[in-house]
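Please keep the sequence and the model at hand.

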Amino acid sequence: MSNSLAPALAYETIVGLEIHVQLATKSKLFCGCATRYGQPPNSQTCPICQGLPGTLPVINQHAIELAMDVGLALDMELVSGCRWDRKHYFYPDLPKGYQTSQYDLPITRHGRLEFRDPADSEKTCVVRINRAHLEEDAGKSLHGEGIDGGTWIDLNRTGTPLLEVVTEPDLRSAQEAKAFLIQLRTILLYLGVSDCNMQEGSMRVDANVNLRIKNETETIATPIVEIKNLNSFRNAERAIEYERERQLKHWRETGERMGQRPKQTRGWDADREVTTVQREKEEAADYRYFPCPDLPPVVLSQTSIDQRRAQLPRLPQQWKSEFTRTWKLSEYDASVIVEQGRDVAEYFETVAQISQDGKRSANWITQEILRLLNERQQSISDFPIAAAKLGELVSAVSNSELDHARAREIFALWLTEPISLREAKERLGIATVSGNEVEELVNRIVAENQAAIDDYRHGKKQALGPLIAQAKQLNSNVSPAKFREALLRAIDST
Amino acid sequence: MDSHNPAETTQDVTVETICQLERLAYLRLSDEDRGSFVNDLRKILGYARSLASLDLKDFAPQTHAIDQDNVMRGDVIEPSSSVEEALANAPVVAGSFLQVPRVLE
């Protein structure tokens, strides 16, 4: 890898990610309080998640099932008899004084995730997943809100189930980290285990970053920095990129290596586009982990694992191969559609099934619909044109009943008018042109354009273009493809 | 992941150990208290260490003391406390929030 600061210096950026994913359960991990977002402060708590003494937490079975789904989708080992541990630290938004988490026996471990190499779309990158463990979320602190700049605490989020996915340090650039995150989110969305809404904090990313610098004699590792709470993929990419440059500069100035200082936690300041020091990391023993005596282990039987596996929805990779195999889409088009999520993939599939024209269906979706969804900040489920209707339209174009320009007019009309294809054609004055009408048009144009026909016969293939345009002027409803076909028949037979 | 050193659980208790625990628990103890905590903790840990003398070769390692597993509940929402109840024990409240002294990040 090269860098403008130091063209001669060889180094690698080493990135590992920790991703907190809020699981899509209705109730909290250990109590029946709702997990709804945006409710009035402290309206979704009970003695269990308030951490009052004498209460007993009970595990939400659905959180276990969703964690199993993620484990299965990422080729992970599911750990039967996984254990719950208490991670102790004191902070006002953690009412129990410890977070119930999983330390050395997480529910799933040792998986892998493949994604397209952002530097070369023909290649795939593989990242090993160290583990994914369940834990409860803390509450929310609002700093400097009170009189005297006091801190306000809202415990609604306390006890919400999180799955923390931890990768091995297998990523080698900010761009790879971003591509990995997109792929992970796509899988989680297809699984339906989380809404992955980063603005609402349903997916939060921490990145561990350092450099491996090679000089003539040795490879030097710089101290690891953890960047906390990256709340968008763009911020994750930029923060890692910033950290790469910062560490290189810092190493040049100080020569500081891994082990010469404790692991540092930094935050990303999106406005100033810098990372700033938050704290020097406490050692693991400082959390005084110990097994939670209130929660018995979760034993996963082979039957329960097989059941979850059988119920797993089709995953992005499976959709993608289906699209390239059955509908002959390019790897690129298939990826673009699949990365939009399950709703868009299903939409495409319906359009393709009805029209029997995968390539054309994909073009409509990637070129028209995705642009419109983006402009309108809309999801496909709210899009005014249903998949079946678009399928009918694409089918009409494929069968040369409509040309592309007229189809676009109908499409535009459908954005505001919930009418059928037949009604839309009537409204726009699009009539189906009969075979006889096409023949008459051909005869007239052949008679008026003998010179052009002769040119065509002498090998000037492009001579037909103006004739087709002329036909279109005479009858705007005629299909250029059908007219061309009839014209060629006429030329051949004379 | 953070590394875990099992040896730390059997280290000797010193005044430094107490100071470290004070820091983690945001407590401030007198020198006299520290001294007595060193002695108390040494005794407690020494007593716990007597477990090591048990012969456990016929027992499989356990992750839990109670012979129960899979005690779980369905994903069903149950009524929460009212905001008034939730805030009832708080020394200071601000509207519907609990208020605590300023936390410096």
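Which residue of β3(B) does A:T151 stand opposite? A:T151 faces B:V100. The model is predicted, so local features need pLDDT of at least 70 and side-chain atom pairs count only at pLDDT 80 or more, while totals for chains, interfaces and linings use all residues. Residues are numbered from 1 along each chain as its sequence is written, with chains lettered from A and ligands numbered from 1 in the order in which they are written.

**Sheet across two chains**
- Strand β9 (residues 151-154) of chain A and strand β3 (residues 97-100) of chain B run antiparallel and are joined by 3 bridges; strands (E, at least two residues) and helices (H or I, at least four) are DSSP runs, numbered from the N terminus.
- The open sheet has 4 strands in the order β8(A)-β9(A)-β3(B)-β2(B), with antiparallel pairing (two strands pair if DSSP finds at least two bridges between them).
- β8 (140-142) of chain A and β2 (93-94) of chain B stand at the edges with a single partner strand each, so one side of each lacks a neighbour in the sheet.
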